[in-house]
Amino acid sequence: MSTELTTMTGAELGAAIAAGQTSAVEVTQAHLDRIAEVDGRVHAYLHVDTEGALAAARAVDSGDGPRGPLAGVPLALKDVIVTRGVPTTVGSRILEGWLPPYDATVTAKLKAAGIVILGKTNMDEFAMGSSTENSAYGPTRNPWDLDRVPGGSSGGSSAAVAAYTAPLSIGTDTGGSIRQPAAVTGLVGHKPTYGGVSRYGLVAFSSSLDQAGPFARTVLDTALLHEVMGGHDPRDSTSIDAPVPPVVAAARQGATGDLTGLRVGVVKEIAGGPGYEPGVEAATRDALARLEKLGATVHEVSCPSFTYALPAYYLIAPSECSSNLARFDAVRYGLRTGDDGVASLEEVMSLTRQAGFGAEVKRRIILGTYALSSGYYDAYYGSAQKVRTLIGRDFAAAFAHADVLVSPSTPTVAFRIGERADDPLAMYAADLCTLPASLAGIPAISVPSGLSEGLPVGLQVMAPALADDRCYRVAAALEADHGHPLTQEAPSL
Amino acid sequence: MTTIESAADVAHRYDPVIGLETHVELGTASKMFCGCPTTFGAEPNTQVCPVCLGLPGSLPVANATAIESTIKIGLALHCDIASWCRFARKNYFYPDMPKDFQISQYDEPLCTDGHLDVVVDGRTFRVEIERVHLEEDTGKSLHVGGATGRIHGADHSLVDYNRAGIPLVEIVTRPVLGTGALAPEVGKAYVTELREVLRGLGVSDVRMEQGSLRCDVNLSLSPAGSGVLGTRSETKNVNSLRSVERAIRFEMGRQAELLDAGGRVVQETRHFHEDTGVTTPGRSKEEATDYRYFPEPDLVPLAPDAAWVERLRAGLPELPAARRARLAASLEASEFELGSMANAGVLELVAETVAAGAPAAEARNWWLGYLAQQANAAGVEPAELAITPAQVARVVALVADGTLSTGLARQAVDGVLETGSSVDEVVAARGLVRVSDVDALGAAVDAAIAAQPDVAEKVRGGKVAAAGALVGAVMKATRGQADAKVVRELVLSRLGAPG
Ligand SMILES: [Zn+2]
């Protein structure tokens with residue numbers, strides 16, 4: 001029974017718990033056992049909250065607790081989302097040992113829905129990276145090949161679900177940090193419309209880009225989790241005051257496999273070519289052919305400004321990060337280094353930040369500080385914002401002729417651990433396809449499109465703002481046609 | 001200590017240019033970006049939450065009342081109200097700033113291009129307002145140990161974040177030219193008038209001693225008639241009306257002396273010392289601070305709806321200048337007298353006292369005189385005294401009809417202040433009735449003469465001034481209820497001296 005429980009989907013587990021065929025505690029214990037068994041090799045989790053998880057499961061089982069389609073279903077939460085009384089490190093030494101005194105809105109919504117939080121997952125420090133190698137606590141490994149990365153920055157969350165140590169997980173996506181890890185671990189991962197999910201309690205990397213979203217092994221599970229975490233939050237001024245798009249209904253509708261009349265645009269600038277692996281291009285061509293087979297029309301669109309997405313992103317995100325990360329100053333919480341009673345305040349701040357932040361975080365703080373400096377602001381931050389506007393216009397023009405736009409989720413399959421560690425530019429290229437949607441604030445999903453040399457490839461489906469349901473409908477149709485990319489068996493690990 | 005040349009002398013050779021930046025803590029019930037209360041004087045770090053402590057993950061949500069108050073201030077200062085503007089982050093490291101950036105406004109302030117007229121010595125000066133913007137206050141640091149009370153050299157520092165996040169409005173003037181020798185007075189009059197405007201709007205308690213109104217004074221001198229702006233000094237935290245005047249006066253003298261000697265003024269921050277009236281240079285910065293302003297991505301732009309702004313405009317209370325013009329007639333007072341009443345915080349009280357039936361001169365004298373002293377002694381504003389304008393008017397009436405003498409009237413007022421009872425109750429309870437009956441007083445006068453025969457002899461001998469001692473004795477014996485004038489007449493007539 002225990003192995004079986006870890007291979008079931010979230011929807012199946014929720015239904016089985018509701019029907020009394022199993023209990024939330026049994027399901028939770030099965031996943032805790034699986035974590036104990038395999039996570040030593042995967043290292044998806046930074047902290048496993050055994051007590052908290054079992055207590056939440058018992059509350060569901062008591063019958064007085066929360067109810068809903070995912071009540072009692074376990075979940076792995078990216079360590080960037082604060083959890084009251086449970087460590088939240090953001091993959092950084094600077095927050096080692098910090099116990100947040102409050103819950104993020106997302107955390108509170110999960111708890112209210114009876115979802116059991118198993119623990120906190122590894123990530124690139126402050127969500128800066130595409131491989132989870134930038135974690136201060138060591139890399140996470142891809143369950144498909146332990147020598148490869150699980151993507152990043154939400155690599156712990158993708159690896160946990162791919163390793164069957166959780167049926168659901170939550171990541172955050174600033175420039176592709178949900179979609180790229182989902183693609184390289186064979187999962188479904190969705191970045192909602194900016195403002196669709198509250199950022200209250202999400203430790204900020206780049207405020208105008210950060211967005212939390214769901215991971216799962218199926219489109220329906222992803223949609224069910226999206227519905228739980230989404231919605232307006234008065235604590236987040238940038239949260240959109242509108243109902244959650246009908247993502248679950250769209251996932252069910254898409255599963256019928258009928259996409260008749262759907263207009264699919266293939267974005268020329270991020271469709272393939274130099275830097276894209278042939279296996280990724282082949283899987284993408286195959287996915288397009290299947291979309292046509294399901295009744296969609298496919299045509300090419302051009303979004304010329306996308307060429308500037310990468311430089312614009314690497315000005316805007318570091319600029320905001322340089323300001324957002326200023327608060328880690330050794331005064332109120334987190335690490336404090338060099339406070340020997342002699343060192344000045346500035347020295348303690350400086351020593352703490354020197355010791356507490358890793359190389360990539362420092363690189364981006366320096367980059368952002370420079371880009372915002374007086375005399376450089378217009379040339380860098382100002383120009384990047386103009387590019388952002390142009391990208392938005394390109395999307396608007398493309399969506400005039402297409403219901404959804406598609407591209408590969410990332411140009412390659414999972415790369416080897418260490419392969420790009422010393423080459424930041426090669427690392428940044430992993431986000432080439434995902435950055436435009438981030439900069440425009442529109443929703444985008446990554447859904448498995450096939451395998452290349454035995455490793456998963458993902459297709460990105462983008463839709464206009466607040467039309468997240470279109471992403472789910474297309475993804476569900478592809479999933480129904482292609483079948484599950486992962487074998488129904490958990491990886492042996 | 002240096003002797004500082006007078007403003008009048010400096011103004012012969014130099015044209016002073018003043019600029020004022022005023023910070024006003026708004027009196028909203030909750031903070032600017034979170035729901036924490038704003039009560040002054042609470043235990044340190046008891047009015048805090050994840051947002052105003054800048055905890056990781058927390059986000060700001062703008063306080064609508066604070067935005068409304070800022071627009072009201074802008075309207076009262078005749079500003080244009082932006083139809084669209086944004087908050088910006090001002091980035092710098094300091095321990096009393098929880099996020100190590102301050103949410104403020106930069107190149108898109110909420111209100112711009114206004115003015116405030118002030119009258120000094122019968123001349124009207126128009127102070128142009130460059131901008132009015134909204135930001136959050138910082139926490140408060142207490143640096144323990146070390147000689148200066150500043151962070152450098154301190155043994156350790158304590159930070160109270162109760163103030164962090166309290167809405168703060170910054171009002172910045174354009175350079176004020178043409179004030180000459182009156183620069184110190186114009187500076188003071190501007191802050192005074194601004195305080196009245198803010199008080200009238202009810203947006204802040206504008207208490208300089210509690211820091212809810214704080215002032216930075218910029219001053220530069222240019223050679224008289226040259227029209228060339230000089231280098232300015234910025235004197236920070238000048239926190240009383242009198243200090244504004246003193247700081248300007250001191251800086252005029254200091255800069256004139258420097259320039260006279262062929263030196264040059266350094267652009268720097270200076271500190272004003274209340275005790276000595278002197279400014280001293282702040283810590284010199286090796287390099288200019290670059291605050292790396294950029295639009296606050298956690299907040300949506302502010303777009304005050306035009307109809308809302310017009311509703312606020314229509315709902316503005318009468319502004320102090322207009323009110324003074326109206327009251328000038330009913331109070332039969334000059335602009336100068338109105339100014340004194342406004343400065344003392346009694347204008348409204350005098351007006352209400354007059355409305356309750358007292359003659360204007362009497363009402364003014366009570367509030368500016370005895371009652372102002374009592375308020376001062378108790379450390380409260382006159383308006384906070386436990387006596388109402390109607391009660392003051394009643395006292396005035398009792399004096400007018402001869403029931404109370406001036407001395408008894410003060411005792412009646414004291415009684416009201418102490419007990420909160422009505423004037424008539426106090427008068428009855430304390431038996432405060434003027435004794436002017438010659439027969440009733442006769443015995444007391446005779447007793448006083450009998451008790452001090454040597455004094456009586458002097459008076460008989462023509463030393464009329466000596467009679468005061470006898471009058472005093474009678475007043476004491478009658479517990480102040482006697483009419484001093486009648487007593488004096490009685491004493492003199494009994495002793496055969498000329499009255
Ligand atoms: Zn607060």
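**Helix packing, interface and backbone**

Author: This is a predicted model. In chain B, Arg324(B), Leu327(B), Ala328(B) and Leu331(B) of H6(B) meet Glu335(B), Leu338(B) and Met341(B) of H7(B).

Reader: What classes of residue are in that contact of H6(B) with H7(B)?

Author: The contact has 5 nonpolar and 2 charged residues, and no polar ones.

Reader: And at what angle do the axes of the two helices cross?

Author: Roughly 110°, with the axes of H6 (residues 320-331) and H7 (residues 335-343) of chain B coming within 10 Å. H6(B) is therefore roughly perpendicular to H7(B), since 65 to 115 degrees counts as that.

Reader: Switching to the interface. How many residues of chain B are in contact with chain A?

Author: On the chain B side there are 32, and they contact 40 residues of chain A. The two chains bury about 2,800 Å² between them, and 59% of that is on carbon and sulfur atoms.

Reader: Which residues in chain B lose the most area to chain A?

Author: Pro56(B), Leu59(B) and Arg292(B), which together account for 23% of what the chain B side buries.

Reader: How many salt bridges does the rule find across it?

Author: The rule finds 1 between chain B and chain A. Asp298(B) forms a salt bridge with Arg199(A), and the closest N and O atoms are 3.0 Å apart.

Reader: Which strands of chain B supply at least two residues each to the side that touches chain A?

Author: Strand S3 (88-91) and strand S14 (294-295) of chain B each do. By class, the residues on that side of chain B are 21 nonpolar, 5 polar and 6 charged.

Reader: OK, backbone now. Is the peptide bond from Gly152(A) to Ser153(A) cis or trans?

Author: The bond from Gly152(A) to Ser153(A) is cis, with omega near 10°. Ser153(A) sits in the loop between strand S3 (116-121) and helix H6 (155-162) of chain A.

Reader: And what is phi of Val90(A) near?

Author: Phi of Val90(A) is near 60°, which is positive in a residue other than glycine. Val90(A) is in the loop between strand S2 (74-78) and helix H5 (105-112) of chain A.

Reader: Why point those two out?

Author: Because most residues other than glycine have a negative phi, and most peptide bonds are trans.

Methods: Residues numbered from 1 in each chain as written. Chains lettered and ligands numbered in written order. Predicted model: local features only at pLDDT ≥ 70, side-chain atom pairs only at ≥ 80, totals over all residues. Heavy atoms only, no water. Axes fitted to C-alpha atoms, helices over the stretch in contact; angles between N-to-C directions. Helix = DSSP H or I, 4+ residues; strand = E, 2+ residues; numbered from the N terminus. Parallel < 35°, antiparallel > 145°, perpendicular 65-115°, else oblique. Contact = heavy atoms within 4.5 Å. Nonpolar A, V, L, I, M, F, W, Y, C, P; charged D, E, K, R; others polar. Buried area = accessible area lost by both parts, 1.4 Å probe. Salt bridge = Lys/Arg side-chain N within 4 Å of Asp/Glu carboxyl O.
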